[in-house]
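Here are my notes on the model, point by point. Please read them with the coordinates open.

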Amino acid sequence: MTSVTAAPRGVDADPEVDEKTEAPPSRSGNPWGYILRKIGLFLLTLWAAVTVNFILPRLMPGTPADAALARLAQNGPVSEATKAAIEAQLGVPTGNLFEQYIQYLGQVVTLNFGVSYTFYPQTVSELVSTALPYTLVLVGLVTIIAFILGTLLGVLAAWKRGTWLDTLPTVGGAFMSAFPYFWTALLLLFFAGYVWRLFPTSGAYGPTATPAFTWDFFVDALYHAILPAVTILITSLGGWILGMRNTMIPTLGDDYVAFAEANGLKPRTVALRYAARNAILPNLTSFGLALGGVVGGSILVEQVFGYPGVGYLLFNAVTNQDYPLMQALFLMITLSVLVANFIVDILYGVLDPRTRR
Amino acid sequence: MTQTRRRWGAAALAVAAATTLAACSIQIQSAPDPSIPDDTMLIAADTGSPMMERNFNPYLANKRVASFYIYEPLVILDNVTGEEFPWLATGYELPDPSTIVFTIRDGVTWQDGEPFTTDDVVFTLNMLKEFPATDTQGVWGYIASVESDDTTVTIHLQNPDVPAAQLIATTLIVPEHIWKDVDDPGSFRNPDPVGTGPYQLGNFAPQQYTMDKYEGYWQADKVAAEHLILPGSNTQLDIATRGYDWAYSYISDVDNVWVGAGNENTYWFPPGGTIALFPNLAKEPFDNLDVRQGLSLALDRGAVGDAAAEGYMDEAGQTNILLPYQQDDLDPSIPNSGLIEQNRDAALEAFGRAGYTLQGDQLIGPDGQQLSLSITTANGYTDWLRGVQEVQRQWSAIGIDVKVSTPQPAAYQLALRNGDYDFAMGGTGGTGSLFRDFNSLLSTDFLKPVGEEASNNFERYDNPDAQALLDQYKVALDDDERREIGYQLQQIVYNDLPVLALYYGGSWGLMSNAKFTNWPSADNPYASPKTYESTPLIVLTSLEAVK
Amino acid sequence: MTTTRQPMRDATQDIRTVQPTGAPPNPWQVFARTAGTIWSNGKARLGLIILAFFVLLAIFAPLIAPYGATENGFDRSADASPEHWLGTTAAGEDVLSQLIWGAQISIFVGLVAGALSTLVAVLVGLSWGYTRGFIADVINFIVNLFLVIPGLPLMIVIAAYLSGGGIGMIIVVVVITGWAWGARVLRSQTQSLRSRDFVTAAVFSGERPFRIVFREILPNMTSLIVGSFFGAATAAILAEAGLEFLGLGDSSIVSWGTMLFWAQNSNALLTGQWALLFAPGLCIALLATSLTLINFGVDGISNPRLREGKQR
């Protein structure tokens with residue numbers, strides 16, 4: 001979900017859980033068969049994703065050395081020797097594709113992706129472990145906040161249907177979620193960062209600070225995270241509002257809600273305890289997927305704010321054809337989305353007894 | 001309905017507000033950080049991605065830029081003027097075209113106090129041989145052996161090659177007493193660098209580091225800035241607002257944005273190379289000189305340069321010489337300093353000689369087809385793209401069907417090397433060495449058939465006369481003789497059009513006179529204004545503090 | 001739509017359930033009714049008006065735009081003036097003209113890429129939903145693969161691979177990365193319709209599966225398909241802008257995305273040209289909003305409870 005359209009966009013939010021409408025365990029059959037089949041499918045998808053991750057970077061024309069040389073050639077002619085030296089430094093892949101693939105599978109299993117081409121001589125694990133915490137905290141927290149806030153506003157909108165409490169969040173949310181991420185980021189950066197000088201304009205912490213588990217550093221890091229966080233919040237909030245509103249409204253019409261009301265329960269209790277609780281289920285799917293996508297960071301936002309997260313790293317890796325780094329990041333993202341999907345699937349069964357059968 | 005109308009009105013209002021706001025532009029003012037003292041220079045030289053790795057190994061591509069302020073070469077070659085500055089060597093001689101004798105400067109010390117000796121030079125060169133990954137300039141493609149005594153280092157070349165001296169002389173020298181213990185200099189990150197240069201590493205953080213003046217520097221009295229600050233993020237907005245003393249960056253509308261921001265800002269954009277169109281000479285009809293002449297005469301190079309660099313760079317002469325700062329090298333017999341004016345009639349006449357005639361608004365060739373070609377440029381090199389679009393306009397106007405192809409940089413590089421293009425944008429010249437400028441452009445040594453990777457001579461120019469001149473240059477010890485050969489090489493480029501020079505690529509120097517003065521400028525062009533490679537050493541030892 | 005009978009809510013069912021009335025409806029009737037329902041929704045009406053505005057702008061760009069899109073030679077980075085209402089770019093082009101011409105590309109990419117990815121989603125989703133067993137597993141596997149591979153990086157790789165292809169390339173990229181989600185939504189709906197009586201009846205009457213899927217089931221999912229089209233078109237417009245902004249598209253064409261790219265490239269904010277940055281972004285946002293708003297109306301067709309105005 002690192003895509004430009006990161007958060008599920010409102011009306012498009014699919015209340016469907018992966019595999020949910022998959023043929024349920026046949027009532028007469030063995031439930032273990034169903035579970036084993038799902039695990040098998042999970043592993044197969046994982047293998048395929050791993051393989052695609054291997055193929056994708058190699059589809060790009062030119063080698064990592066070409067990418068490096070193209071950067072150098074902007075400053076003048078590059079000699080044969082420079083090319084040779086750069087290839088020697090990068091350790092540009094040798095062997096045929098099959099050998100590379102076997103080597104790569106070995107790396108996947110041992111989670112050792114070797115040395116990055118772009119950031120040579122830094123290793124992939126060094127780079128990822130530096131970038132990941134920033135992305136997890138920034139994008140992760142914002143995703144959670146956006147989900148909670150959006151869901152509450154969605155409930156409100158559905159409950160107060162037709163009033164301004166409905167129109168404002170829905171139309172406003174639709175409008176805000178239509179902002180291109182980078183555009184919002186640029187405007188915020190310019191005004192809040194440069195014109196009014198309220199917030200720092202780049203980095204994850206002050207220029208002279210060094211990461212440490214201290215209060216000062218925490219405050220500093222928080223201060224630097226505000227603008228990127230607000231950007232992501234603005235552009236993703238709408239999706240959650242619309243998603244919740246649209247699943248909430250039909251629920252409000254359900255018989256049991258009417259029944260609860262008829263029994264004299266307070267409207268608010270009905271809305272929150274009964275209707276919202278049921279309506280939130282489909283949105284949990286999207287939320288799970290969004291959380292899984294968090295490790296991919298937010299390329300455009302991190303790019304504009306010079307935020308040292310995974311998204312920035314990923315963009316660098318892709319544009320510089322850094323195979324090892326790309327493979328590791330793609331694997332990480334794919335894995336977490338798959339796992340998140342899996343967890344949501346299970347969670348769904350816990351929360352909605354009807355799917356358990 | 002009223003609700004709808006109200007919303008619609010709100011939308012219209014927003015658009016109106018946007019339009020009104022657009023009318024009043026916001027002038028950004030430079031606001032230097034008051035906590036930075038007057039003896040400290042803020043430089044936009046290094047760029048993190050976005051964090052900076054503590055890597056000061058001068059031979060790695062991912063080194064911190066300040067490695068160039070720590071490690072020094074024997075001789076600095078300024079690429080704007082083509083002038084040599086004796087540095088760790090007081091000079092060098094070539095007793096014959098295969099031998100170079102460097103005289104090493106006395107009284108230079110490493111930043112840890114150890115004396116700098118000829119042994120360090122010999123060690124460095126031998127290390128480059130042992131670890132080819134560190135030999136980024138490829139000096140061991142020329143060197144046969146190295147020997148030294150107390151004051152001189154003598155290098156024997158594999159073949160007579162006078163211009164190789166300059167290349168070898170610009171190698172950065174590292175201390176033997178530290179690097180002899182390094183296992184693999186090809187992956188060593190050198191976190192605590194010790195060099196001979198004017199600055200030592202101060203505090204290092206991943207987003208900013210500082211450099212402190214080395215008081216024992218061999219020309220310490222000439223170093224005005226006591227400290228340097230190098231942030232890892234230097235966006236154009238940062239540069240314009242943060243009160244930088246020195247930056248290397250292209251800024252759109254620089255008079256308004258940079259100079260207009262105050263802080264005694266000034267700029268100098270000397271030519272740093274020639275941006276040219278490389279025709280694919282292995283392809284018909286571009287192998288036909290008449291066609292190239294027609295294409296060349298159809299170009300309004302001034303307009304191309306204007307489009308590409310927003311009017312800040314001049315059109316380039318068809319000589320591969322950077323003017324005005326390398327005027328001395330220019331063949332005076334070439335008319336109009338090599339500038340070729342747009343001339344539609346002459347262009348059509350040249351095309352006519354090749355069998356192309358203008359029919360209606362199409363230039364039709366002998367095969368009855370419209371002359372059609374594509375121009376390849378790298379995606380993301382926006383100045384080139386702007387230039388190409390202008391070329392497209394101009395060539396279309398004379399009846400040529402011009403397509404533009406913009407692959408990603410790596411794919412562009414591959415197309416260029418493999419000769420997989422009709423015309424490609426590219427840079428030529430600007431190394432500071434006349435020989436290398438022409439050698440990489442014309443030498444048949446680099447010649448490869450289309451489909452195989454060429455490392456230079458991408459246009460696949462095959463002229464034995466040019467190669468003969470280059471070979472003569474390699475053994476010419478006399479300055480006048482070399483200049484004469486240079487004239488003849490310029491004649492070849494001017495008459496035979498192996499490339500179509502368009503405009504000069506700029507060296508985008510932005511400086512502030514608030515704390516330091518005597519920056520290189522058009523009036524005092526003593527060195528390139530760039531902040532990377534070794535020429536900043538010349539600038540850093542020429543500046544004067546204001547207070 | 002009063003004949004519509006709401007089923008007991010079941011979490012395993014898609015909410016946008018259309019109750020089939022038996023025979024496949026006449027397409028024109030469906031269209032007229034759909035349009036009517038959408039128009040009756042205030043939000044959707046606003047969306048339609050905005051969309052119509054931009055479409056007209058795009059169609060009549062040659063008449064409306066004061067200058068050509070790439071016509072340069074005006075003062076560089078000029079402020080707004082009577083000649084140039086929104087100023088000029090760093091390359092000396094008229095911003096307002098670029099904005100008007102740019103509507104063509106953005107709308108074209110949005111509609112074509114939206115339509116194509118919806119088409120793929122319909123083909124895959126419906127066959128997937130109708131088939132069972134091995135083939136369904138294979139499709140499931142492929143769709144899952146496309147859903148888990150990170151979108152923007154995938155776009156970047158494909159864009160690099162197909163580089164130099166102009167807007168055609170962008171459309172291909174958007175379609176490749178955008179169809180899977182819709183396919184999954186449509187599949188679950190197909191599955192829930194598959195077990196309905198009218199489908200069972202068709203099966204017993206000996207109709208071929210292809211006919212059942214595309215003649216019996218498909219017409220009952222019109223609103224869902226229209227909905228996913230608008231969703232896909234919105235995503236395509238934003239994706240085009242994102243790709244162009246990152247410089248991975250074709251920066252020689254004039255679209256709102258490339259305008260933003262050039263604005264950023266010449267640092268329009270610094271040169272005070274901020275209409276150049278502000279206006280294209282606002283247009284993208286308005287266009288994408290209009291599609292989302294129309295979708296409110298579309299939702300109303302498939303689920304009458306989502307219609308405007310009626311309290312529970």
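1. Ground rules. This is a predicted model: local features need pLDDT of at least 70, side-chain atom pairs count only at pLDDT 80 or more, and totals for chains, interfaces and linings use all residues. Residues are numbered from 1 along each chain as its sequence is written, while chains are lettered from A and ligands numbered from 1 in the order in which they are written.

2. Chain A, overall. Chain A has 13 helices and zero strands. Helices here are DSSP runs of H or I with at least four residues, strands are runs of E with at least two, and both are numbered from the N terminus. The order along the sequence is α-α-α-α-α-α-α-α-α-α-α-α-α. Of the 357 residues in chain A, 54% are buried. A residue is buried if 20 or more other C-beta atoms lie within 10 Å of its own, exposed if 12 or fewer, and partly exposed in between, with C-beta atoms placed from the backbone.

3. Chain A, contact range. Take the contacts between residues at least 6 apart in sequence: 75% of them join residues at least 24 apart. A contact means that the C-beta atoms of two residues, placed from the backbone, lie within 7 Å.

4. Chain A, annotation. An unreviewed UniProt entry gives "domain: ABC transmembrane type-1" for residues 132-344 of chain A. UniProt positions are in the numbering used here, feature names are shortened, and annotations may be inferred rather than shown by experiment. In the model that span is 79% helix and 0% strand, with end C-alpha atoms 23 Å apart. UniProt (unreviewed entry) also lists "transmembrane region" at residues 34-56, 132-159, 171-196, 221-242, 287-305 and 325-351 of chain A. Two of these spans can be compared with the model. Residues 171-196 of chain A are 81% helix and 0% strand, and their end C-alpha atoms lie 29 Å apart. Residues 221-242 of chain A are 100% helix and 0% strand, with end C-alpha atoms 32 Å apart.

5. Chain A, helices 5 and 8. At what angle do helix 5 and helix 8 of chain A pack? Helix 5 (residues 124-159) and helix 8 (residues 215-252) of chain A pack at about 35°, and their axes are 6 Å apart. Axes are lines fitted to C-alpha atoms, for helices over the stretch in contact, and angles run from 0 to 180 degrees between N-to-C directions. Helix 5 of chain A passes helix 8 of chain A in a right-handed crossing. A crossing is right-handed if the near helix is turned clockwise from the far one by less than a right angle, and left-handed if anticlockwise. The residues of this contact divide into 23 nonpolar, five polar and one charged. Ala, Val, Leu, Ile, Met, Phe, Trp, Tyr, Cys and Pro count as nonpolar, Asp, Glu, Lys and Arg as charged, and the others, Gly among them, as polar.

6. Chain A, helices 9 and 10. Helix 9 (residues 255-262) and helix 10 (residues 267-293) of chain A pack at about 150°, with axes 10 Å apart. That angle makes helix 9 of chain A roughly antiparallel to helix 10 of chain A. The cut-offs are under 35 degrees for roughly parallel, over 145 for roughly antiparallel, 65 to 115 for roughly perpendicular, and oblique for the rest. Helix 9 of chain A passes helix 10 of chain A in a right-handed crossing. Tyr256(A), Val257(A), Ala260(A) and Glu261(A) in helix 9 meet Val270(A), Tyr274(A) and Ala275(A) in helix 10. By class, the contact has six nonpolar, no polar and one charged residues.

7. Chain B, cis bonds. The Ser49(B) to Pro50(B) peptide bond is cis, with omega near -15°. Pro50(B) sits in the loop between strand 1 (40-44) and helix 2 (67-70) of chain B. The Glu284(B) to Pro285(B) peptide bond is cis, with omega near -5°. Pro285(B) lies in the loop between strand 13 (271-279) and helix 8 (289-297) of chain B.

8. Chain B, positive phi. Asn336(B) is not a glycine, yet has a positive phi of about 55°. Asn336(B) is in the loop between helix 9 (301-309) and helix 10 (344-353) of chain B. Asn336(B) counts as exposed because it has 9 C-beta neighbours inside 10 Å. Asn457(B), also not a glycine, has a positive phi of about 50°. Asn457(B) counts as buried, with 23 C-beta neighbours inside 10 Å.

9. Chain C. Chain C has twelve helices and zero strands. Buried residues make up 59% of its 312 residues. Over residues 275-298 of chain C the chain is 100% helix and 0% strand, with end C-alpha atoms 34 Å apart.
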